[in-house]
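Reader: I would like to go through the labels used for this model and the grounds for each. Please set the values against the cut-offs.

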Amino acid sequence: MTVFYLDGQEVEFKPTETVLDALIRHGQQVNYSCKKGVCKTCLLEQVEGQIKLGSQRGLAPRLKQRNYVCACQCQATADIKFKSILPQDLFVGAVIQHKKILSDTVVSIGLKLENKLFYEQGQYLNLRRFDGLTRSYCPINAANDDIVEFHVKRKYNGQFSDWLYHHAGVGEQILVQGPLGNSYYKAEYQDQTLIVVAFGSGLGVAYGIVAHALQNNHQGEVFLYAGGRDEGELYLHTQLLKMNLIHRQFTYQACITGHKPSVMKGSRVVMADPFVQAVKAHRFDRQQQLFLCGDAMAVNHSREQAFLNGYPIERVHTLSFEYKDLRNRARR
Ligand code: FES
């Protein structure tokens, strides 16, 4: 029997299994969400033995230095020893300070953190509720504000988003981990053209990237193509129209992908896929940065299309969200 160890206990594994899969098969209580190395909710600390190449892929240097690995990306090997990470090693406490329903599907949540986290707009934070369920969301405001604000879209069968939308109230305690991800506005882009494409729930983070650039006196042009099935998904429409009037270098285009809206009219609204619209409007060149935010399938497809259109891949920044229906699976 080949085994690895977690907190001193033997865990038998099969030859092709990841550490996470072996733990789940044995009914161990372990946190996870995406199983793709993105959300970082499955971190463990490696204390002895040799991990396989790739087990720390995508981890921030500060996490690698602490010998953290993503259990979902770590191939199990014999006799390796892991330790669970205590919430206080990764998370800071927070409390819901305000909550506002923005549309039929989107809620705004403001969190007051016990300790400040220094993130860039476009990076994401993991929110963990009382029972360990953890999901990733991007703050839409700057790290130096006292309250960290999120726009959370209620997903079909989304346990966490549904809880935030319907049940969590002001005063609710929550844990916050991060920052994670490296798709964000950098000062070196100042004179370049930014093309930001949002798919559905990516609008909050796309808005954050645009707002950050404009607040930092960005000199190049900034284009935002915001896609949503209906006006409810484009809940920042009015705010973005105002920004379009105030900032001469900013152009906003709302792209509806579902039914024709009854109330949204005018030149800023088209019936089109936001990425297709961006491709139509721009000849991609080396003076641009392309940001793709939102639903994982749309982001990955558009990234591939950008590459096929000759767009340099190092200039494509992606932030995708994976959602799964985990409601019927036993987990913590
Ligand atoms: S479950 Fe391992 S990184 Fe998301």
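Reader: What percentage of the 332 residues of the protein count as buried?

Author: The model is a predicted one. Of its 332 residues, 53% count as buried.

Reader: What makes Glu17 buried or exposed?

Author: Its relative accessibility is 11%. Buried means under 20%, so Glu17 counts as buried.

Reader: Why is the contact of Glu17 and Arg25 called a salt bridge?

Author: A side-chain nitrogen of Lys or Arg has to be within 4 Å of a carboxyl oxygen of Asp or Glu. For Glu17 and Arg25 the N to O distance is 2.7 Å, so the pair qualifies as a salt bridge. Glu12 is linked with Glu17 and Arg25 in a network of salt bridges. The structure holds 9 salt bridges.

Reader: Which parts of the chain does the salt bridge of Glu233 and Lys153 link?

Author: The closest N and O atoms of Glu233 and Lys153 are 2.8 Å apart. The pair links distant parts of the chain, 80 residues apart: Glu233 is in the loop between strand S13 (222-228) and helix H6 (237-246), and Lys153 is in strand S10.

Reader: How do you know whether Glu233 and Lys153 are buried or exposed?

Author: The cut-off for buried is under 20%. Glu233 is at 7%, so it counts as buried. Lys153 has a relative accessible area of 9% and is therefore buried.

Reader: What distance separates the closest N and O atoms of Asp146 and Lys116?

Author: They are 4.0 Å apart, and the pair forms a salt bridge. This pair too links distant parts of the chain, 30 residues apart, with Asp146 in the loop between strands S9 (134-137) and S10 (147-153) and Lys116 in the loop between strands S7 (106-113) and S8 (124-128). Asp146 has 57% relative accessibility; exposed means over 50%, so Asp146 counts as exposed. Lys116, with a relative accessible area of 42%, is partly exposed.

Reader: Why is the protein called as compact as a globular protein of its length?

Author: The protein has 8 helices and 17 strands. Its radius of gyration is 21 Å, close to the 20 Å that the globule rule gives for 332 residues, so it is as compact as a globular protein of that length. Along its principal axes the C-alpha trace spans about 65 × 45 × 35 Å.

Key:
Residues are numbered from 1 along each chain as its sequence is written. This is a predicted model: local features need pLDDT of at least 70, side-chain atom pairs count only at pLDDT 80 or more; totals for chains, interfaces and linings use all residues. Side-chain values use heavy atoms; hydrogens and water are left out. Buried means under 20% relative accessible area, exposed over 50%, partly exposed in between (1.4 Å probe, protein chains only). Helices (H or I, at least four residues) and strands (E, at least two) are DSSP runs, numbered from the N terminus. The radius of gyration is taken over C-alpha atoms; the globule rule is 2.2 Å times the number of residues to the power 0.38.
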